[in-house]
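Please read them with the structure open.

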Amino acid sequence: MEQKDTLLQKKFLAVLVAALVLGHTASAQYTLDAVDQVGFKKGIHMNGSFNLSSVAYAASGIPARRNPFDWFATGSINLNLFGISAPLSFSYTNAQLSYSQPFNRIKIIPQYKWAKLHLGSGYMNFNDYTLANHVFTGYGIELTPRQFKFMAMKGTLQQAVPYDPQNPSAMAYKRNAMGFLAGIDKGKWGVELSALQAKDDPNSIPVIPPTATVFPQSNLATSLKVKTQVTRWLRFDATYALSALTTDNRDGTVDKESTGTPGGAYSLLAALYPKKTNTSYFDAVDLSAGLMFSRFNLQLKYNRVAPGYTSLGAYYTNNDLENITVAPAIGLWHGKINLSANVGVQRNNLDHSKNATNKRIVASGNLAFNPSQHWSFNTNFSNFTMHTRVRPQSDPFYVNGLDSLNFYQINQTLTQMAMYMWGGNNNRQSILLTVSRQQAQDETNAATSTASTSTFLTTNTGYTYMQVPHAFSVSAAFNYYTNKVQEIKTNYLGPSLTVTKGFIHKLLPVNAGVTYNATTINGNNAGNVLNARLGASFSLPLAKQAPAAMPTTPGKPANAKLVNKPRHTFNCNLQFTSKGAYGANAAYKEWTVNTGYVISF
């Protein structure tokens, strides 16, 4: 009995010490994986890793581009206390780093079957229009019993940052929020309703100067998502979102003249969130339809986000845009030929409040042909066209001869690849050829303008030989790149060679490589570059098989016990760069040495 009490005291002491350590950790995350799995029989287990690395640098002929020596220490430890998992991590370096705001975060996530609880600092995701993976400090809950789904949260999205005259834009109010998501998914159909209400506390900053440009905001964002599988081959998805944003919630004046905002949905939101003099309403819609057959698919998508759409539960939302996308795909010849395309049109300035309107047309197509296990071909073409129409501002003292200025940008890219592979499981060889051509063109309708065209061409030819049993491979390649921008033509060409070999039963892989590039600009030497690298790493086993113990039950074989051993990994990489002199530029050389040690336990 005394031995049991002593054992319990030791375990309790270990838990207490671990709790004290975790409580004083700068950055920690606690996860309670499964409440029903907690028990003293599981005992205390620990695993993790520690990484210590350094970078040494030296240069000749040019000023140093980085510190002569930097070192980094990172680590992660996972403590499992009687079934409770408590991971924590840290990092430290001598490099000069700047942080906008130090923070301490603790997250506890107890979970039991389909119920999960969020405590501390964490994030939840409803959708892109309400709560979108925004970190908050507070509490939340997730319930997913069978086809039902319910999520709710309450907490602080943003901490207060006092006014600093040296950096006035960094001022921030404390932002509190609460929200929920409720839905049902029956497979063939489903519905989700979500809402988020966020409000800045105007009293969270003690001193606010009259010249401050940051104001306390309030926001209510809601969304409704539905999906339905009409037939086996036809599916529809739709999402509609509304957002009401008050740019300064200190003004409590209700805009009575605007309570009758057109549109039933806006009127409903206005009833839930009364419109003030500085309140604006926005909406967003996502529609998609899919046709799915055995060898043919077709996706139709429509997306429209009103100008100014904002949710305080999202870090950023793309707004003032309308997208229409058509994406067909077809497979032929028992899947050996696959064709796919994507055509989309995007435009902005939906409310015509800007002087310039952009319209983008994106079209791409891909052809993949695999006639056998040895041959593989792929062709990809894309065309990106952007049309910008600029309306000149009116000037009573100047008559513009143009009603508008049209600016066109056309970008076309064609990429082709051919590969041939042969050999068996032990010896493999392959030859790869890749060619890519890109052309960009700009032009306007102004009488004095001239079209500007830029072309880029990239080719690569490579050969690879592998001996799998001996962990040996060698690759040789030749690269050629040229581009012409206006009257400047630049060429890069040169070979490369890479060799890899594993030693000591593949525990010590060594790799070496060299690349040489000759560069010319309009036919003149622009400096030749030589890169050489050598690297090696050595690892000790993570675990080993212990001898089988004596059988405890007659007639049953004994099982070998897996004994965990720490895994040690050492690595070292050396890189040398040399660039020749050209014109008024002197030659220079650079040396970089990376070393590291990792222990996993």
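**Notes on the predicted model**

1. The side chains of E590 and R65 form a salt bridge, at 3.3 Å from N to O. E590 sits in strand β30 (residues 588–600). R65 sits in the loop between β1 (44–60) and β2 (69–81). The two are 525 residues apart, so this pair links distant parts of the chain. Keep in mind that this is a predicted model.

2. The two partners differ in setting. E590 is buried, with a relative accessible area of 11%. R65 is exposed, with a relative accessible area of 55%. Side chains of opposite charge can pair when their charged atoms come close.

3. How many salt bridges does the model have? The count comes to 9. E590 and R65 are one of these pairs, and two others are worth a look.

4. One is D70 with R66. Their side chains meet at 3.5 Å, N to O. D70 is buried, at 5% relative accessibility. R66 is partly exposed, with a relative accessible area of 37%.

5. The other is D200 with R175, where the N to O distance is 2.6 Å.

6. β9 and β10 run antiparallel and are joined by 12 bridges. Within this pairing, G183 stands opposite E192 in β10. The hairpin of β9 and β10 has 3 residues between the strands. There, G187 takes a positive phi near 90°.

7. β9 also pairs with β8. This pairing is antiparallel too, over 10 bridges. Here G155 stands opposite A177 in β9.

8. Now the largest nonpolar core, which has 22 residues. Which members touch the most other members? They are M153 and Y309. The largest share, 3 residues, comes from β8.

9. Check the backbone at H334. Its phi is positive, about 55°, although H334 is not a glycine. Most residues other than glycine have a negative phi. H334 is found in the loop between β15 (321–332) and β16 (337–347). With a relative accessible area of 70%, H334 is exposed.

10. Where is H505 found? It is in the loop between β23 (488–503) and β24 (508–521). H505 counts as exposed, at 76% relative accessibility.

Key. Residues are numbered from 1 along each chain as its sequence is written. This is a predicted model: local features need pLDDT of at least 70, side-chain atom pairs count only at pLDDT 80 or more; totals for chains, interfaces and linings use all residues. Side-chain values use heavy atoms; hydrogens and water are left out. A nonpolar core is a set of buried Ala, Val, Leu, Ile, Met, Phe, Trp, Tyr and Cys residues joined through side-chain atoms within 4.5 Å. Buried means under 20% relative accessible area, exposed over 50%, partly exposed in between (1.4 Å probe, protein chains only). Helices (H or I, at least four residues) and strands (E, at least two) are DSSP runs, numbered from the N terminus. A salt bridge is a side-chain nitrogen of Lys or Arg within 4 Å of a carboxyl oxygen of Asp or Glu. Two strands pair if DSSP finds at least two bridges between them.
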